[in-house]
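Biologist: I would like to go through the labels used for this model. For each one, tell me the value and the rule behind it.

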Amino acid sequence: YYSIVNPSVYYFLSEYLVSPALEGSAFTFRGLDSRLSLEMLLSVRSYTDTISADKIYTNPYILPLGFTFDSYILNEDAQKEDVLDRNAALMQTVTLDSKPQSKNLLQIYQLDQQWEKISITPTYENITVENDILYVAKNGIIHIPLNRLNYSEKAEYYLYFDSMIYMGDQIYQDLDIEGKRMRLRPLGSYSGQQNMYMVKVPITKELINKGYIDVIFPDTGTYRIGKIELRELNTSSYSDFYQDRKENCLQDLTIKSNTISGTLQTASDKLLFMSIPYSTGWRCYLDEKEIPILKANTGFCAVEIPAGAHSVVWKYHTPGLKLALFLSIISYLIFFVLLANRIISNVKNKK
């Protein structure tokens, strides 16, 4: 339900264009699009490539809750980069909303491009194209040809839509992209309408034999569409990033109802990233002293850790809980006082 979901999760999925995950804005999420960088970042053990979950994959690079970085990029600089580069960089550096205090942490100003565009010429079935408008009949299909003979196992492949706008009056339209669902909402939608979309496409032997990627429109509709790109993201360095992240992790990890604790020893200043949604209810204590929490990667938490051996404790207190409890007690007292007056008044009237 929208009212009890931390919106930081939605902001993260939206910021990194995890389009298949955004089924209904901030109240329904479906996975991380099987993107390895995201599965690593959030310590996922198993995931699936399609909504039907035909096959379950095991993450070969499982990280524990709480690992470190020695560099960062400010969000204002990260926003200048392509969204796929920001996805790929999630295991190399951490994006922060504000600058940390330590001068020993490396600030990055620009991300390396790790993807290339594959040339494609889409064809259309049951779709009429006029300029940049698609008039789609039922079961309309955009065919994206797979022009290459070889597709690397150390790469991920993405369909990127720089603009796709549903121009109808239905609440939403669901597109099927090789077993993945991408939800489009009309302009002015109250729940998360976007124009840019990106979907990781699982390149299987069956897909290569078929020769093209299908973008299927199950229902009729009208769409304004911009460029469609097929992108290849090089993931050959992910094993190195994994080793770097695994080098300094929270040890002796203990997780209770509202407390996470552990120990950490580092040879240099680090940023400890925690894949817990950012909230003002969190407090972090380094060696029993409270330290500031930084918003990391749009929706999560990070803290600065100086070189040395430390104990780290995270505690959560629901924002506004004490005030709500106080107001509830006052309300009950007022209620019982009014009730007592009513009873006394009734007794006097009977006399």
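**Labels and their rules**

Biologist: Why is N139 called partly exposed?

Modeller: N139 has a relative accessible area of 42%. Buried means under 20%, exposed means over 50%, and partly exposed is in between, with a 1.4 Å probe and protein chains only. The value of 42% falls in between, so N139 is partly exposed. The model is predicted, so local features need pLDDT of at least 70 and side-chain atom pairs count only at pLDDT 80 or more, while totals for chains, interfaces and linings use all residues. Residues are numbered from 1 along each chain as its sequence is written, and side-chain values use heavy atoms, with hydrogens and water left out.

Biologist: Where is N139, and what is its phi?

Modeller: N139 is in strand β9, residues 133-145. Helices (H or I, at least four residues) and strands (E, at least two) are DSSP runs, numbered from the N terminus. The phi of N139 is positive, about 60 degrees, although N139 is not a glycine. D252 also has a positive phi, about 50 degrees, and is not a glycine. D252 is in strand β18, residues 251-255.

Biologist: What makes D252 count as exposed?

Modeller: The relative accessibility of D252 is 62%. That is over 50%, so D252 is exposed.

Biologist: How do you know that strands β10 and β17 pair?

Modeller: Two strands pair if DSSP finds at least two bridges between them. β10 (residues 155-161) and β17 (residues 228-234) have seven bridges, in the antiparallel sense, so they pair under that rule. One of the places to look is Y157, whose bridge partner in β17 is E232.

Biologist: In what order do the four strands of the open sheet stand?

Modeller: The order is β7-β17-β10-β14, with antiparallel pairing. The edge strands are β7 (115-118) and β14 (197-200), and each of them pairs on one side only. From one strand to the next the twist averages 30 degrees; axes are lines fitted to C-alpha atoms, for helices over the stretch in contact, and angles run from 0 to 180 degrees between N-to-C directions.

Biologist: Which strand pairs with β25 over eight bridges?

Modeller: Strand β19 (residues 259-266) does, in the antiparallel sense, and β25 covers residues 308-316. L264 stands opposite H310 in β25. Strand β21 (residues 282-286) pairs with β25 as well, over five bridges in the antiparallel sense. There, W282 has Y316 in β25 as its bridge partner.

Biologist: Is K180 buried or exposed?

Modeller: K180 has a relative accessible area of 5%. That is under 20%, so K180 is buried. K180 lies in strand β13, residues 180-184.

Biologist: What makes the link between the side chains of K180 and S34 a polar contact?

Modeller: The distance is 3.1 Å. A polar contact is a pair of N or O atoms within 3.5 Å; within protein, one must be able to donate a hydrogen and the other to accept it, and residues adjacent in sequence count only if both atoms are side-chain atoms. The side chain of K180 also reaches the backbone oxygen of K200 at 2.9 Å.

Biologist: Why is the ring pair of Y61 and Y242 called tilted?

Modeller: Rings of Phe, Tyr and Trp (its six-membered ring) pair if their centres lie within 6.5 Å; planes under 30 degrees apart count as stacked, over 60 as edge-to-face and the rest as tilted. For Y61 and Y242 the centres are 5.3 Å apart and the planes are at 45 degrees, so the pair is tilted. Y61 lies in the loop between β2 (56-58) and β3 (67-69), and Y242 in helix α6 (residues 238-247), so the pair ties together parts that are 181 residues apart in sequence.

Biologist: Why is the pair of F67 and F69 called tilted?

Modeller: The centres of the F67 and F69 rings are 5.9 Å apart and the planes are at 55 degrees, so that pair is tilted. F67 is buried at 1% relative accessibility, and F69 is buried at 0%. Ring pairs link F67 and F69 into a cluster with F12, Y16, F273 and F300.

Biologist: Which residues touch the most other members of the largest nonpolar core?

Modeller: F67, V94, L96 and F273 do, in a core of 43 residues. A nonpolar core is a set of buried Ala, Val, Leu, Ile, Met, Phe, Trp, Tyr and Cys residues joined through side-chain atoms within 4.5 Å. A second, separate core has 30 residues, including I120, I144, L146 and L207.
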